[in-house]
Amino acid sequence: MKKAINDFRINMPSKSVNEGFLRTVCAAFSGLCDPTVEELSDIKTAVSEAVTNAIVHGYKEKTGRIYIDAVLFSDSTVRIRIRDKGCGISDVKKAMEPLYTTAGDDRSGLGFTVMESFTDKLSVRSAVGKGTVVTLTKKIAGKCE
């Protein structure tokens, strides 16, 4: 049975300028497991997509808060949850389809596809009017301290 060995929580305003900071914090935390460069890049990309979705789709034209918590487990797995209290997703299955977007022509609709391809497990829970929780899970080749 895997056991939690380290964790953190952070929340920040849903401003685009904070996306890079949140991505870096998650990567630095995952760095405690001595990941490969590729694993670190995967985590940064997946977190970036999840945070951007919260900013662009969750809160649309207003500013809210993005909540992130992460846990390192004894089996060198990292679990990162990105949560917003935005508008929510009415049809999660549809939203996870490649090329589907609600943000118009300037978005590719590949956010969930990218997150899924760069993690071992992706979970999305959402309720209209209450927000969305995206959980990213990735097994790291190195050993967590």
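Buried means under 20% relative accessible area, exposed means over 50%, and partly exposed lies in between, with a 1.4 Å probe and protein chains only. By that scale, Arg23 is partly exposed because its relative accessibility is 25%.

## The model

This is a predicted model, in which local features need pLDDT of at least 70 and side-chain atom pairs count only at pLDDT 80 or more, while totals for chains, interfaces and linings use all residues. Residues are numbered from 1 along each chain as its sequence is written, and side-chain values use heavy atoms, with hydrogens and water left out.

## Overall make-up

The protein chain has four helices and five strands. Here helices (H or I, at least four residues) and strands (E, at least two) are DSSP runs, numbered from the N terminus. Read from the N terminus, the order of elements is β-α-α-β-β-α-α-β-β.

The protein chain has 145 residues, and 44% of them are buried. Its accessible surface is about 7900 Å², and carbon and sulfur atoms account for 51% of that; the areas come from the Shrake-Rupley method with a 1.4 Å probe, and for residues only the protein chains shown count as cover. A contact means heavy atoms within 4.5 Å. Of the contacts between residues at least 6 apart in sequence, 67% join residues at least 24 apart.

## The sheet

Strands of a sheet pair through backbone hydrogen bonds, either parallel or antiparallel. In this structure, five strands form an open sheet in the order S1-S2-S3-S5-S4, with antiparallel pairing. Two strands count as paired if DSSP finds at least two bridges between them. Strand S1 (4-13) and strand S4 (121-127) are the edge strands, each pairing on one side only. On average, neighbouring strands of the sheet are turned by 10° against each other, direction ignored.

Nine bridges join S1 and S2 in the antiparallel sense. Among the facing residues, Asn11 has Tyr67 in S2 as its bridge partner, and Asn6 stands opposite Leu72 in S2. S2 is mostly covered, with seven of its nine residues buried. S2 also runs antiparallel to S3, to which seven bridges join it. Tyr67 takes part here as well, with Arg83 in S3 as its bridge partner. S2 and S3 form a hairpin with three residues between them, and Ser76 in the turn has a positive phi of about 65°.

## The disulfide

A disulfide is a covalent bond between the sulfur atoms of two cysteines. The search for one takes a pair of cysteine sulfur atoms within 2.5 Å, and over the whole structure it finds one. The bond is formed by Cys33 and Cys144, whose sulfur atoms are 1.7 Å apart. The torsion about the S-S bond of Cys33 and Cys144 is about 85°, so the disulfide is right-handed.

Cys33 is buried because its relative accessibility is 0%. Cys144, at 7%, is buried too. Cys26 is also buried, at 1% relative accessibility, whereas Cys87 is partly exposed at 29%.

## Salt bridges

A salt bridge is a side-chain nitrogen of Lys or Arg within 4 Å of a carboxyl oxygen of Asp or Glu. The whole structure contains three salt bridges. In one, the side chains of Arg23 and Glu19 meet at 2.9 Å, N to O. Arg23 and Glu19 both lie in helix H1, four residues apart, about one turn of the helix. Glu19 is buried, with a relative accessible area of 14%.

Asp42 and Lys138 form another salt bridge, at 3.0 Å, N to O. This pair links distant parts of the chain, since Asp42 is in helix H2 and Lys138 in strand S5, 96 residues apart. Both Asp42 and Lys138 are buried.

Asp69 and Arg81 also form a salt bridge, with their closest N and O atoms 3.0 Å apart. Asp69 lies in strand S2 (residues 65-73) and Arg81 in strand S3 (residues 77-84), so the pair ties together parts that are twelve residues apart in sequence. Asp69 is buried at 13% relative accessible area, while Arg81 is partly exposed at 27%.

Methods
Axes fitted to C-alpha atoms, helices over the stretch in contact; angles between N-to-C directions.
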